[in-house]
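These notebook entries record what I looked up in one chain.

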Amino acid sequence: MTGTILLLVTVKLKQYLGQLRRSPRNLLSLAAVYLAWLFVIGLVSLMIRLTGILSGAGPRGFLGILSEVTVTAILAVGIFLGVKGGITAFPYEIDYVLTSSVRPRIYLLADLLFQLFLLGFFIIPPTSLMLTVLTHPLHLDYLGRAIPLYISTILMSILLSHVLGVSRGRIGERWVRLIGWTLMAVVSAPLVLLALRIKPPALLSPHPALLVSSAIEAPSAALFWILPYLALLGLTYLHLSKSNFYSSVSPILFSVLMEPPSRLSRYFKIPGVGRVFGLGSARSYFSLMYRLHLVRVVREGSLWTGVVVLLFLTLANTALPRLIGVAQFPEVAELTMIALYIPLLPALLSINWSISERPNTWVISLSQRGERYYVSGLFLAYFTVTLLFSILLYGLVSIGSSEAPFLLVDLVLLLAMSCFGSTLSVLVSLVMRLAPSPFSLGSLLYILIPLTGSILLSLPILVVRLFEPLASSPTAALMANMVAYVGVSAAVLYKVLTAAGARYLGG
């Protein structure tokens, strides 16, 4: 039994790394990306520490908020994956492992260990580094309490994910979705109250996020309150693992990134919508490519996954000013949301395109200048969806916080981040010929490159946004210069993109 589990975990890890494990250079590159990510985490932590010192805030206040956000995010990931299937099944496992004599419980335990390693790899080192920077020289005391609590939270998240996923064969997918989204609302409750600056009621005192927060801030018996959650989930897990759930297992990549909402087609029957998404109304080859990509983007699952992720990150971001002792939330929250989160949406779309659409692009090369029109339509579809959603998200955040007015500089920044993020996302997916494995380190490149590149290209606008009175009262000349900068930079990137499309597409 133990040997079979270890063998399954080993094979899953090799499949997870995919082609990257065959080249030491690729592994070193990914290690460099991971270390760079840790460096960014450490730099942000240092800024929070210095700002906290300047504002007179002690470590316990923002450590508690940070723990609430972290624990809520970990549990939310588990619930979201559980609604989507819960098990990180690879396509080869569907064909070979699930059709073999491996018992369901053995396979489930192997997947539990794999997810524990995966989430621990992405969560424990960054959070430990952040805690170390924020609490030095008392970091050993804080880490001694925090790491076991975070590991327990990760285990709870995986158990939730598996319980929800396996339950689909028992109670049906509709009930699992209802239970899952209800749990998501309960788990996110402290974060919502934190954003609204409302003290959590006594009814929420047993909430895991609040328990972990109190245990990290000061020595307490909160860890023992986590044990009943683990015991309940563990017993439910062992009971459900007896059943044969193989028939309900689907590849996690397709269920998370490629599965659209089941009733989405109804929205396209609304009068007038067909004029936008209808392919028959296309008047040129470029218009046809744009509409094809736009319909695919709207109907695919990665768009809605990205929307959920961005909404959750925006909600979590409302805690940032309280972490650094800034009283006015909207100015910091809106800026951070625009600068950091918007390029994530086209990046997720590019991952899906690389997996599902790139193998079919050889057909495009058969038509004259097909690659150029295809890439142009792909960029414009990404840009349209990203800009519209970013404006909507910015408006919702601004309306929810009446202190912050709409700023013209923010609109230019939205335009820049959407344009640069969409262009770089398409460019990265063209240049990187290997499709990323689901939730792999390779997929980080699809996200980090557009994210970092968009921020660097938008630095002139970010500088204007940070200084007053330029941000609130920009002159007409300044606005014209910023718009001209975005236009010229976008035109240069567009030329590079179309050239890359002609070179790499269909090859």
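Before reading any packing angle, I noted that axes are lines fitted to C-alpha atoms, for helices over the stretch in contact, and that angles run from 0 to 180 degrees between N-to-C directions. I also noted that the model is a predicted one.

**Entry 1: helix 20 and helix 21.** I looked up how helix 20 packs with helix 21 (residues 476–504), and found an angle of about 155° with the axes 10 Å apart. Angles over 145 degrees count as roughly antiparallel, and helix 20 is therefore roughly antiparallel to helix 21. The crossing of helix 20 with helix 21 is left-handed. I then listed the residues that meet: Pro460, Ile461 and Val464 come from helix 20, and Leu478, Met482, Tyr485 and Val486 come from helix 21. By class, I recorded seven nonpolar residues in this contact, with no polar and no charged ones.

**Entry 2: helix 18 and helix 20.** I next examined helix 18 (residues 408–431) and helix 20 (residues 459–466), whose axes come within 10 Å and cross at roughly 160°. Helix 18 and helix 20 are therefore roughly antiparallel to each other. Helix 18 passes helix 20 in a crossing that is left-handed. On the side of helix 18, the contact is made by Val409, Asp410, Val412, Leu413 and Ala416, while helix 20 brings Ile461, Leu462, Val464 and Arg465. I classed these residues as seven nonpolar, no polar and two charged.

**Entry 3: the nonpolar cores.** Which residues have the most contacts inside the largest nonpolar core? I found Ile87, Tyr107, Tyr150 and Phe245, in a core of 57 residues. Several helices each supply at least two residues of this core, including helix 1 (2–17), helix 3 (59–84), helix 5 (104–135) and helix 9 (222–240). Helix 6 gives the most to this core, with 13 residues. Apart from this core I located another, of 40 residues, with Tyr374, Leu430, Ile447 and Ala500 among them.

**Entry 4: the whole chain.** I counted 21 helices and zero strands in the chain. Of its 507 residues, 52% count as buried. Last, I looked at contacts between residues at least 6 apart in sequence, and noted that 82% of them join residues at least 24 apart.

Terms used: Residues numbered from 1 in each chain as written. Predicted model: local features only at pLDDT ≥ 70, side-chain atom pairs only at ≥ 80, totals over all residues. Heavy atoms only, no water. Helix = DSSP H or I, 4+ residues; strand = E, 2+ residues; numbered from the N terminus. Parallel < 35°, antiparallel > 145°, perpendicular 65-115°, else oblique. Left-handed = near helix turned anticlockwise from the far one by under 90°. Contact = heavy atoms within 4.5 Å. Nonpolar A, V, L, I, M, F, W, Y, C, P; charged D, E, K, R; others polar. Core = buried A, V, L, I, M, F, W, Y, C linked by side-chain atoms within 4.5 Å. Buried < 20%, exposed > 50% of the residue type's maximum accessible area, 1.4 Å probe, protein only.
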